[in-house]
Amino acid sequence: MASERPKLDMERAKNAAQNIIGDVASMVHGAMSFIGDRLGIFKAMAGAGPLTIEALAAKTGLAPRYIREWLNAMTAGQYVEYDPEAKTYLLTPEYAAALADDDSPFFVGSYFQMAQAAVSVAPKVAEAFRNGKGVTQAEYPASFFEAAERNSLTRYKHKLLRKWIAAVPHVVEALNAGGAAADVGCGGGRAAIMIAQAFPKTRVTGFDIHAESVERARRNAAAAGVADRVTFAVANGSELPESRFDLVTTFDVVHDAIDPVGLMRGVRRALKPGGSYLVQEVNVSDDVKDNIRTLGKMIYSVSTLYCMTTSLSHGGAGIGAAMGEAKTRELAEAAGFKQFARLPIKDDFAVLYELRP
Ligand SMILES: C[S@@+](CC[C@H](N)C(=O)[O-])C[C@H]1O[C@@H](n2cnc3c(N)ncnc32)[C@H](O)[C@@H]1O
């Protein structure tokens, strides 16, 4: 006999369906925003005042019929304000800052590129659910890593020197005097490059296991004119040169690592006496009950679509992006660090720990 459907609370059932449809709308609207970012439509609208469909089509060189549908999607999503009398569309300065101005502290427009690239790998991740294995970095499109670099570049511009490194004055002193710094899991090298630019007497090395990222980092350093003081190497953080650095940093790396304790142990050995290790991680708890909010929703999803899954693809720890302070502390102790401090930075997205041997 077929089992009967459970009796529903009608109000809650309606809310559930609406919540879900809201997510589907966000997913497809996100694809529209990805297109807006990729084709420079947001940038064309920024600061341009109210625009007609024809004016925006002419400005971007894009097909007017597509621009019309896109503008209507943006209006329905409340990214754009529509004036029905004048038939014009406006990207307000606030939305322009978030979507079109890579230099703004509010810029989040590059997240659509990352989300699109991550979602494109979802069929492979689904396979990993079946076999319990993972998806290797090599299976992700280059645009995923480029987007990750864009995301971090904005964060670094506004936080790296002024907030994060400034929170450890003895490190600032050592680097000003001419020290050595390393950024492990450097990705496209943006943090290493900024550290080199801020501390001209310091030599900086970026390490990453992902060869394509290291290549990009080298190109970025050359373009920034600091290739003589920042070098990049394809290397695992667990195999760093010993007693070499006044500062080692990892930005969103430990939770991704195949062997996080090995990585942290490698960093501990690489520090000079008196040196510091700055660990930046995502500002979420390791307990899901504390993460029932937008950031939690995004972080567990990105974690499944990349962080945990690339680690598991090599039989790694697969900690996932919601690592939390307790787990970080446990890993640091296992790696032999004696001092562990959460630094008093105010940041909705990031937490920073200083570890010392
Ligand atoms: C989420 S990305 C962050 C990249 C960069 N730090 C940023 O903030 O844009 C993590 C990076 O860590 C690298 N990685 C993971 N485990 C590593 C390890 N054991 N040694 C060196 N790099 C590692 C990955 O290849 C990837 O580039």
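The model is predicted: local features need pLDDT of at least 70, side-chain atom pairs count only at pLDDT 80 or more, and totals for chains, interfaces and linings use all residues. Residues are numbered from 1 along each chain as its sequence is written.

Strands of a sheet pair through backbone hydrogen bonds, either parallel or antiparallel. Here seven strands form an open sheet in the order 5-4-3-6-7-9-8, with mixed pairing. Strands (E, at least two residues) and helices (H or I, at least four) are DSSP runs, numbered from the N terminus, and two strands pair if DSSP finds at least two bridges between them. The edges are strand 5 (230-234) and strand 8 (339-342), each of which pairs on one side only. Strand 3 (residues 180-184) runs parallel to strand 6 (residues 245-251), and three bridges join them. In one of these, Ala182 has Val248 of strand 6 as its bridge partner.

Helix 12 packs on this sheet and touches strand 3, strand 6 and strand 7 (271-282). Contact requires C-beta atoms, placed from the backbone, within 7 Å. Pro260, Val261 and Met264 of helix 12 also meet Leu331, Ala332 and Ala334 of helix 14. The residues of this contact are six nonpolar, no polar and no charged.

Around the ligand stand 21 residues, the closest being Ser152, Gly185, Gly187, His210 and Gly237; a residue is near if its C-beta atom, placed from the backbone, lies within 6 Å. Helix 8 gives the most to this shell, with three residues. Ala, Val, Leu, Ile, Met, Phe, Trp, Tyr, Cys and Pro count as nonpolar, Asp, Glu, Lys and Arg as charged, and the others, Gly among them, as polar. By these classes the shell has nine nonpolar, eight polar and four charged residues.

How values were computed: Two residues are in contact if their C-beta atoms, placed from the backbone, lie within 7 Å. Axes are lines fitted to C-alpha atoms, for helices over the stretch in contact, and angles run from 0 to 180 degrees between N-to-C directions.
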